Each structure stands twice: as structure tokens, then as C-alpha cells.
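Open the model in your viewer and keep the selection tool at hand. Each stop below says what to select and what is there.

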Amino acid sequence: MFFKLNLNLLIKIFISICTIRIFEKMERQRIGIDMDEVLADVIAKFETLYKQHHPNETLQEQADGIEFYDLLPEHIAGDFRKHIYEKGFFRDLEVIEDSQRVVKELTKKYDVFIVSAAMEFRNSLEDKVDWLADHFPFISWQRTIFCGLKIVNVDVLIDDRSRNFIGFDGRPLLFTSPHNRLITEFERVNTWEEVAAKLL
Ligand SMILES: [Mg+2]
């Protein structure tokens with residue numbers, strides 16, 4: 001009798017735990033995370049290349065709302081853009097501060113996807129896959145979305161380009177980069193610490 005009661009109780013507890021787990025999984029939200037200027041520091045790479053190739057040329061001081069290309073002297077600007085199309089450009093980018101730690105924490109609570117418009121740069125695909133494997137090994141290839149337009153079914157999209165929020169129904173988080181500092185119509189995150197404060 002005692003054993004039977006306990007067995008019934010154990011079965012009920014087991015079913016309850018399974019039900020909770022199922023609901024937890026159902027409730028997990030999806031987060032899409034951009035790469036360039038959100039996880040990977042493209043501007044730092046531009047600055048390094050500029051110093052290498054034009055050691056005697058000055059660069060305009062960074063101002064809010066200005067793209068890096070617009071800081072370049074006019075006679076250099078057109079030619080400088082070729083670097084981003086070169087194989088290897090995206091392979092050794094510096095990792096944006098705190099992103100590894102916070103993204104790893106996010107994966108415990110959310111389904112996290114990397115969403116990069118990598119198709120803009122055909123030589124970037126392999127570099128980006130290898131870079132992610134080095135710095136974000138906990139993100140599987142199944143959760144890496146290389147695309148053109150970011151038409152993705154996620155609940156939160158973290159991106160530095162506001163154009164990627166057009167038509168997006170979820171919660172956009174604009175990750176600060178010099179070029180977007182004058183944009184005011186989106187919820188902004190300046191650092192990965194701020195992402196953590198909002199989402200964890
Ligand atoms: Mg970006």
C-alpha cells in the first residue's frame with residue numbers, strides 16, 4: 001500500500017517535471033544577433049588597414065552619424081572599399097568587448113541565432129564560419145544564418161543597422177556604432193553589458 005502510494009506520487013512528480021520542461025522549451029524566445037559591429041569589430045580592422053596602407057595620411061575625427069568611409073580623404077575613399085571584399089578581411093576581426101560571455105549566457109535562456117547579411121561579401125562566408133568557430137564555438141552551424149535581407153523569425157534582433165529592422169515585428173535592439181548614434185527611433189544598447197541588463 002505504502003509502496004503503491006509512493007509510486008503514484010513519483011509518477012505525478014515525473015509528469016509535472018516533464019510538463020514544466022515542455023512549457024519552458026515552448027516559451028523560449030529566439031534572439032537574432034548580427035556579426036559586424038555587434039560581435040566583430042570591423043571599424044578597428046578598417047583603422048589598422050588604413051594605417052598600414054596610408055601611414056602618412058590623416059583620418060578625419062570620428063563624428064556621430066558618419067560612416068568610416070566618409071572619414072577618408074576623398075582620393076582614397078573609393079579604392080579603400082576593396083579591402084572588405086578581400087578574402088581574409090573578416091577572419092581576424094577583434095571580438096567586441098563582453099560579447100562572448102553575454103551571448104553564452106543568453107544561450108541558456110534563449111534560442112540564439114547569428115544573423116549576418118554575409119551574402120553582401122562573397123568572400124566573407126568561410127572567414128565568418130571560421131571566426132565564429134574560434135570565438136563562439138557554442139553556436140552551432142544550425143543556428144548560423146547567412147543571408148541577404150534579414151527576414152527572420154526571431155523575437156529579438158540585435159543589430160547596428162536600423163535598415164534591418166524594417167518589417168521586423170519583434171523587439172529591435174540597436175547596437176551602438178558611430179554611424180547610428182543619431183538614430184533615435186529604436187531601443188538602443190551601447191554595450192553587451194547593457195544587453196545583459198535588458199535580456200538576462
Ligand atoms: Mg552589422
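**Before you start**

This is a predicted model: local features need pLDDT of at least 70, side-chain atom pairs count only at pLDDT 80 or more, and totals for chains, interfaces and linings use all residues. Residue numbers start from 1 along each chain as its sequence is written. Helices (H or I, at least four residues) and strands (E, at least two) are DSSP runs, numbered from the N terminus.

**Stop 1: the sheet**

Select the six strands that form an open sheet, in the order β5-β4-β1-β6-β7-β8. Their pairing is parallel. Two strands pair if DSSP finds at least two bridges between them. At the edges are β5 (144–146) and β8 (187–189), each pairing on one side only. Neighbouring strands are turned by 25° against each other on average, direction ignored. Those angles run from 0 to 180 degrees between N-to-C directions, with axes as lines fitted to C-alpha atoms.

**Stop 2: across the strands**

Begin with β4 (111–116). Three bridges join β4 to β5, and S116 stands opposite F146 in β5.

Move to β1 (30–33). Four bridges join β1 to β4, where V112 is the bridge partner of I31. β1 also pairs with β6 (residues 156–159), over three bridges. There, I33 has I158 as its bridge partner. From β6, four bridges lead on to β7, and I158 stands opposite L173.

**Stop 3: both faces of β6**

Is β6 covered on one face or on both? Both: V156 and I158 are buried on one side, L157 and D159 on the other. A residue is buried if 20 or more other C-beta atoms lie within 10 Å of its own, exposed if 12 or fewer, and partly exposed in between; C-beta atoms are placed from the backbone.

**Stop 4: the core**

Now select I31, I33, V38, I158 and L173. These have the most contacts inside the largest nonpolar core, which has 30 residues. Such a core is a set of buried Ala, Val, Leu, Ile, Met, Phe, Trp, Tyr and Cys residues joined through C-beta atoms within 7 Å. Elements giving two or more residues to this core include β1, α2 (42–53), α4 and β7 (171–175).

Centre on I31. Beyond its neighbours within four places in sequence, its contacts (C-beta atoms within 7 Å) include L106, Y110, F113 and V154.

**Stop 5: helix α4**

Select α4 (residues 99–109), where S99, V102, V103 and L106 are buried. Seen down the axis, these buried residues fall within an arc of 100°, so they line one face of the helix. The arc is taken from the directions from the helix axis to the C-beta atoms. They pack against β1, β3 (94–95), β4 and α6 (192–199). On the other side of α4, R101 and K108 are exposed.

**Stop 6: two loop residues**

Most residues other than glycine have a negative phi. E37 is not a glycine, yet has a positive phi of about 70°. Find E37 in the loop between β1 and β2 (40–41). E37 is buried, with 22 other C-beta atoms within 10 Å.

Finish at D98, in the loop between β3 and α4. D98 also has a positive phi of about 70°. With 14 C-beta neighbours inside 10 Å, D98 counts as partly exposed.

Conventions:
Contact = placed C-beta atoms within 7 Å.
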